[in-house]
Amino acid sequence: MTSRIPRDSRLRLVRPRPLAAAPSAVNQRRSRRAAPRPPEGTPAPAELARMARSGLAAAARVARWADAALGPGGDSATADGKATLAEATAERASRDLGLTAAQVRADWDTARLAGLVEVHGDSARPGWRLRAWNRDDSAVLRGWVALFDAWSLAHAEPAEHEPAAVAEVVSAMPQVLSFLQLSAGPVPVDQLLDLLEQRVTELRTERCEIPYGPQPGPLQQPQALDTPLAPLLDWALHALGSVGALTYGDGQATLTPLGSWAVWVKLEQICVAAQSPAGNIEQAAEDMLRGCAQLRPNAARAEYRAWLAARPVGSAVGELIDAARGDDALLRGLAFEALRVVGAPAEPDVSAVADEPTLRPYALLWLAEHDGVDPEDAHEVLTREEATWLWVDTAAAVADHGESPMLVRHLESAVQPTVPMLLDEVRAVGHPRTVQVLVALAAAHPDPALAKAVRRAAFQVHTGGN
């Protein structure tokens, strides 16, 4: 069996364009249609959010502890440039919270994968989902879905198996989960194993991984699987169980209500956080931007103009910049789209934030376009590192609010000419959402080899390894 890690896979580059314009692509949805209904028996969103809060309660507790105890000038959250919790910090947390150090580390990793805490160098800060934890069910559900997407990182993989075999099982599990979701009840593990073996065989056939020379039978059947998949299926089911997606025991597996809902969401490719644009003029900037997220660009600009006309320009610009400083990348992109509608009166405020790392790429593009640079060429004012940071930030917006095909298309907007170069530079740029973005991209991309490389990069960022 060969390894298909793309060492120099060429990206299909599109015509250069300002990457900051990509968040607005999230707005360009298909024409409105009635939202599909979840399967009968699916709990209401409020009940699903309650389940998610319960399952992530320990992770949220550690994240809140870190927010209170690891402020500026305090202890370092991590050590040696790794995302794992520093030993001294883990011991302090175990004393404060009455937990073992191992429990603290496990809850810390869960909090990071769910976006409840974000690591910057050797410091940590609460993620936007933690800030909205008690008031926003959609933020809670997005956090749980992020953990669901990262199930293969949440539970150590079997050390005795080849990484390629593990990657094949990870690639095949969506079909197994879909079967579980459609079954709507317990399924024998033997039946899941048969399905997994069929899917892995299909993946190898799609990659033409068949031996040379005459094959048995008139149809040239692919080579039989040379890796026992039962232990890997056992690992995958335990990992999915550890994130609360299913229950596993007595030779059977059953999706939990949260797991069934999440699989249905993936299958339907719907946005969890869809909101109505009604009443945007009277809303605060953040709520107005969320309401405009479903509008096409022209309709959104009209909404921005109406919102701006209802308040003094100075306070309006201040509100938009404050919204851009938040942790939701979609709002950051939309806020600068609204500032483009403001025009010249916003220039002093935009110039003033050009030195803030989170806002700098957006501000530089805004200023370049304001100075008359063609929007198609404005991205040239960014350094390679700034462009890469913006690519990750935009991908975070798409992962949170868009659809899987949109995230795959976003790969084509990267300035790097190859996938390995992109992954190396994404890892180096240090964006706090890097792991979640790479996990989401790996889950969405149809190429198993590329998805495998992206998952490996996500794991390396998650563990702080090389």
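## Overall make-up

Helices (H or I, at least four residues) and strands (E, at least two) are DSSP runs, numbered from the N terminus. By that count, the protein chain holds 23 helices and five strands. The model is predicted, so local features need pLDDT of at least 70 and side-chain atom pairs count only at pLDDT 80 or more, while totals for chains, interfaces and linings use all residues. Residues are numbered from 1 along each chain as its sequence is written, and side-chain values use heavy atoms, with hydrogens and water left out.

A residue is called buried under 20% relative accessible area, exposed over 50%, and partly exposed in between (1.4 Å probe, protein chains only). The chain has 466 residues, and buried ones make up 51% of them. A contact means heavy atoms within 4.5 Å. Among contacts in the chain with a separation of 6 or more, 70% are between residues 24 or more positions apart.

A salt bridge is a side-chain nitrogen of Lys or Arg within 4 Å of a carboxyl oxygen of Asp or Glu. The whole structure contains 18 salt bridges. One of them joins glutamate 168 to arginine 204, with 3.1 Å between the closest N and O atoms. This pair links distant parts of the chain, since glutamate 168 is in helix α9 (residues 163-183) and arginine 204 is in helix α10 (residues 189-206), 36 residues apart. Glutamate 168 and arginine 204 are both buried.

Another salt bridge is formed by the side chains of aspartate 328 and arginine 290, at 3.1 Å from N to O. Here too the pair links distant parts of the chain: aspartate 328 is in the loop between α15 (313-324) and α16 (329-342), and arginine 290 is in helix α13 (residues 285-292), 38 residues apart. Aspartate 328 counts as buried because its relative accessibility is 3%. Arginine 290 has a relative accessible area of 13%, so arginine 290 is buried as well.

## Arginine 433 and its surroundings

Arginine 433 and aspartate 400 meet through their side chains in a salt bridge, 3.0 Å from N to O. Arginine 433 is in the loop between α21 (419-429) and α22 (434-444), and aspartate 400 is in helix α19 (residues 384-401), so the pair ties together parts that are 33 residues apart in sequence. Both arginine 433 and aspartate 400 are buried. For arginine 433, the relative accessibility is 5%, which is why it counts as buried.

A network of salt bridges links Arg129, Asp400 and Arg433. Leaving aside residues up to four places away in sequence, arginine 433 touches Glu118, Trp128, Arg129, Ala396 and Asp400.

## Helix α23

Helix α23 (residues 448-463) has 16 residues. From its first C-alpha to its last, α23 reaches 22 Å, close to the 22 Å expected at 1.5 Å a residue; the expected span is 1.5 Å times one less than the number of residues.

Of the 16 residues in α23, 12 are buried, and the helix is mostly covered. The buried residues include Pro448, Leu450, Lys452, Arg455, Gln460 and His462. What covers the buried residues of α23 includes α5 (101-113), α8 (151-154), α9, α10, α21 and α22.

## The largest pocket

On a 1 Å grid over the protein atoms alone, a pocket is an open set of points with protein on both sides within 12 Å along at least five of seven lines, at points where a 1.4 Å probe fits; lining residues have an atom within 4 Å of a point. Grid points are joined across faces, edges and corners, and a volume is the space filled by probe spheres set on the points. The largest pocket holds about 1200 Å³ of space. It is lined by 49 residues, and the closest to its centre are Asp149, Lys266, Ser404, Ala443 and Ala444. Helix α9 gives the largest share of the lining, seven residues.

## Two residues with positive phi

Alanine 184 has a phi near 55°, a positive value in a residue other than glycine. Alanine 184 lies in the loop between α9 and β3 (187-188), and with a relative accessible area of 70% it is exposed.

Aspartate 250 also has a positive phi, near 55°, and is a residue other than glycine. Aspartate 250 is placed in the loop between β4 (246-249) and β5 (252-255). Its relative accessibility is 81%, so aspartate 250 counts as exposed.
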